[in-house]
Amino acid sequence: MAYVLKSARYLAADILRQAVAPGDAVVDATMGNGYDTLFLCELVGEAGRVYAFDVQPQAVENTRQRLAEAGVLGRAALFCLGHEQMAEQVKEPVSAVVFNLGWLPGGDHSVTTHWETTRRAVDSALKLLKPLGVLVICAYPGHAEGDRERQALMEMLANLPPQAYNVLWHKFLNAGPGAPECFAVQRQ
Ligand SMILES: C[S@@+](CC[C@H](N)C(=O)[O-])C[C@H]1O[C@@H](n2cnc3c(N)ncnc32)[C@H](O)[C@@H]1O
């Protein structure tokens with residue numbers, strides 16, 4: 001079959017498939033409509049745990065329904081809380097943390113992620129990762145707040161000590177300034 005270079009979301013999923021094993025604990029920092037939460041529930045299996053966060057009750061409800069229909073709701077702890085409160089809720093090391101920044105597709109575009117809270121959550125996520133655990137972030141610089149958030153995120157991640165973390169940055173260089181980008185950080 002022909003090999004096709006894939007975009008940010010696909011790369012994020014590929015990394016998670018490699019990094020997450022049955023029985024692991026993981027975090028979905030932006031549950032939205034629950035697609036990533038469901039994917040993580042499948043990866044961790046029956047013995048695993050997925051902690052998921054969103055500030056919108058509708059996102060939590062959409063995710064709850066999606067997981068229930070798939071029969072995996074028991075693997076997840078869903079919090080209607082900002083991901084900046086991750087450290088208070090997650091008390092065990094995790095093999096992956098996922099952020100899909102921006103707004104809820106089909107929802108209110110004014111409820112988007114913001115750098116001030118994203119920064120605190122990314123900081124907590126880095127501390128929660130177990131050795132070889134990964135932090136995967138999809139960023140969307142195609143709108144003003146998304147661009148600001150991506151810029152600040154890049155500065156933060158570029159300054160992580162290489163003895164402690166490896167940082168990867170993926171984007172299609174010729175896809176225009178608003179194209180999605182994927183950041184992957186692995187704890188050494
Ligand atoms: C692009 S969507 C996520 C899509 C989701 N991963 C999925 O699979 O459907 C971004 C989500 O981040 C949420 N969000 C915004 N600020 C947040 C915060 N401080 N903490 C957690 N979630 C937040 C929004 O409500 C929105 O649902």
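This is a predicted model: local features need pLDDT of at least 70, side-chain atom pairs count only at pLDDT 80 or more; totals for chains, interfaces and linings use all residues.
1. Overall fold. The protein chain contains 6 helices and 7 strands. Read along the sequence, their order is α-β-α-β-α-β-α-β-α-β-α-β-β. The radius of gyration is 16 Å, close to the 16 Å that the globule rule gives for 188 residues, so the chain is as compact as a globular protein of that length. Along the principal axes, the C-alpha atoms fill a box of roughly 45 × 40 × 40 Å.

2. Burial and contact range. Of the 188 residues in the protein chain, 42% count as buried. Taking contacts between residues at least 6 apart in sequence, 73% join residues at least 24 apart.

3. Nonpolar core. In soluble globular proteins, nonpolar side chains tend to be buried together. Here the largest nonpolar core has 52 residues. Those with the most contacts inside this core are V27, A96, V97, V98, A125 and V136. Strand 5 (residues 129-139) gives the most to the core, with 7 residues. The surroundings of V97 can be listed: leaving out residues up to four places away in sequence, V97 touches V27, A29, A125, L128, L129 and L135.

4. Strands 2 and 3. Strand 2 (residues 49-53) pairs with strand 3 in the parallel sense, over 4 bridges.

5. Strands 5, 6 and 7. Strand 7 pairs with strand 5 in the antiparallel sense over 6 bridges, and A139 stands opposite E181 of strand 7. Strand 7 is also joined to strand 6 by 6 bridges, again with the two strands running antiparallel. In that pairing W169 stands opposite F183. Of the 7 residues of strand 7 (residues 181-187), 5 are buried, so this strand is largely enclosed by the rest of the structure.

6. L132. Which residue has a positive phi although it is not a glycine? L132 does, with a phi of about 70°. Most residues other than glycine have a negative phi, which makes this a backbone angle to look at in the model. L132 is placed in strand 5. L132 counts as exposed because it has 10 C-beta neighbours inside 10 Å, where the limit for exposed is 12 or fewer.

7. H170. This residue lies in strand 6 (residues 165-170). Is H170 buried, exposed or partly exposed? With 18 other C-beta atoms within 10 Å, H170 is partly exposed, since a buried residue needs 20 or more. Not counting residues up to four places away in sequence, H170 touches A8, L11, E181 and C182. H170 and S7 are 163 residues apart in sequence, while their C-alpha atoms are 8.4 Å apart in space.

8. Ligand shell. How many residues surround the ligand? There are 22, and the closest are T30, G32, Y35, G82 and L104. By class, this shell is made up of 8 nonpolar, 11 polar and 3 charged residues.

Note on methods: Residues are numbered from 1 along each chain as its sequence is written. A residue is near a molecule or strand if its C-beta atom, placed from the backbone, lies within 6 Å of it. Ala, Val, Leu, Ile, Met, Phe, Trp, Tyr, Cys and Pro count as nonpolar, Asp, Glu, Lys and Arg as charged, and the others, Gly among them, as polar. The radius of gyration is taken over C-alpha atoms; the globule rule is 2.2 Å times the number of residues to the power 0.38. Two residues are in contact if their C-beta atoms, placed from the backbone, lie within 7 Å. A nonpolar core is a set of buried Ala, Val, Leu, Ile, Met, Phe, Trp, Tyr and Cys residues joined through C-beta atoms within 7 Å. Two strands pair if DSSP finds at least two bridges between them.
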